[in-house]
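Please work through each task before reading its solution.

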Amino acid sequence: MTRARTILYDCDTGIDDAMTLLYLASLIRAGDAELAGIGTVHGNIDPVTGALNTLRVLELAGVKAGEQGVPVAVGAARPMAQDVHYALEWHGTDGLGDTRLPEPAGRPVAEPAAAQIVRLARAMPGELTLLATGPLTNLGAALLLDPELPSLIREVVVMGGAFDHPGNITTHAEANIWHDPEAADLVFAADWPVLLVPLDATHPTAVHDDWLDRLAAHDSAAARFAVRILDFYVDAYTPTLRRRGAVIHDALAAMLAVDPDIGEYVQRAVRVELRGELTRGTTVWDARSLPAEDTRRPVRVAVGSDIPVFREILLSAVLSL
Ligand code: RIB
Ligand code: CA
């Protein structure tokens, strides 16, 4: 762990987003991170359901949320330039593996997620790590609302994209980027430090039987909840992985945000294909060993991580709650 971060989390909760919330809750409870706020966005599910799911998970993890705690703001209900699309087959019709949890005690705040990003960035200039594990519509909207936003954010950490790895929603595109390619390209074009965590880094971290069995052996509300949502997610993932398991993508992005030493990185200017008939929503980098022609600020792209350490920290985090 390097130093405590203040995180503003943007997500589409979602099963791996929910696991990430458990991880963040463990950091908060240990005093190793602060959560300034959360925004939700269309993606795995609609953003209102995503916000209620976020409140459910934080409450279950013992973190006060809503108007009396960490503010949870509802964000964009659709992408900038295409139709909305949910991932119910991966996350269930309630976004949490059809677990049908009761209503949370807290409510979302009235402020929209993009406005919350701008307000918190202005209130804490240079302090916030903006962690995004859903489509980037709220971040893109915040950039349009406040052109000075890039100078106010410490770092943007995004789970998304695929480079030397097949896509997971089309042959080439990763879901978070494909859900709103225009917004993603705005984020990669802006002059702020970006850490991008693509499928190339997340897929090899899949958890399998041994990890799942250790989780299932633990008797706490958080562990039982994680087992229930992961049961659904594992069923969805197993045909792709060809063995029982699941990829908890978003948790790797969160972990690299607070503990960058466990990742391996390259620096590349990144663009999003906006026009390709077969490739819209694909992340593209210039990997030639020539001086970069792209004038964009290079993005730090995770290409690997210490996988046993990732799995162990995530499991310990959930078991600590
Ligand atoms: O491609 C993986 C991403 O898509 C994750 O953020 C997951 O939650 C889904 O939204
Ligand atoms: Ca997500």
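A residue counts as buried under 20% relative accessible area, as exposed over 50%, and as partly exposed in between (1.4 Å probe, protein chains only). The model is predicted, so local features need pLDDT of at least 70 and side-chain atom pairs count only at pLDDT 80 or more, while totals for chains, interfaces and linings use all residues. Residues are numbered from 1 along each chain as written, chains are lettered from A and ligands numbered from 1 in the order written, and side-chain values use heavy atoms, without hydrogens and water.

**Exercise 1.** Identify the protein donors of the calcium ion (ligand 2) and their spacing along the chain.

*Solution.* Step 1: donors are N, O and S atoms within 2.8 Å of the metal (3.2 Å for Na, K and Ca); water is not among the atoms, so sites may look incomplete. Step 3: the spacing reads D-x4-D-x115-T-x116-D. T133, in the loop between β4 (128–132) and α5 (137–145), and D250, in helix α12 (residues 249–258), are 117 residues apart and link distant parts of the chain. Here helices (H or I, at least four residues) and strands (E, at least two) are DSSP runs numbered from the N terminus.

**Exercise 2.** Are T133 and D250 buried or exposed?

*Solution.* Step 1: T133 has 1% relative accessibility and therefore counts as buried. Step 2: D250, at a relative accessible area of 2%, is buried as well.

**Exercise 3.** Describe the largest pocket and the elements that line it.

*Solution.* Step 1: on a 1 Å grid over the protein atoms alone, a pocket is an open set of points where a 1.4 Å probe fits, with protein on both sides within 12 Å along at least five of seven lines; lining residues have an atom within 4 Å of a point. Step 2: the largest pocket holds about 380 Å³, a volume being the space filled by probe spheres set on the points. Step 3: it is lined by 25 residues, and W90, N168, A175, Y237 and H249 are the closest to its centre. Step 4: α3 (88–91), α7 (175–179), α11 (221–241) and α12 each give two or more residues to the lining.

**Exercise 4.** Classify L152 by its accessibility.

*Solution.* Step 1: L152 belongs to helix α6 (residues 149–152). Step 2: its relative accessibility is 10%, so L152 counts as buried.
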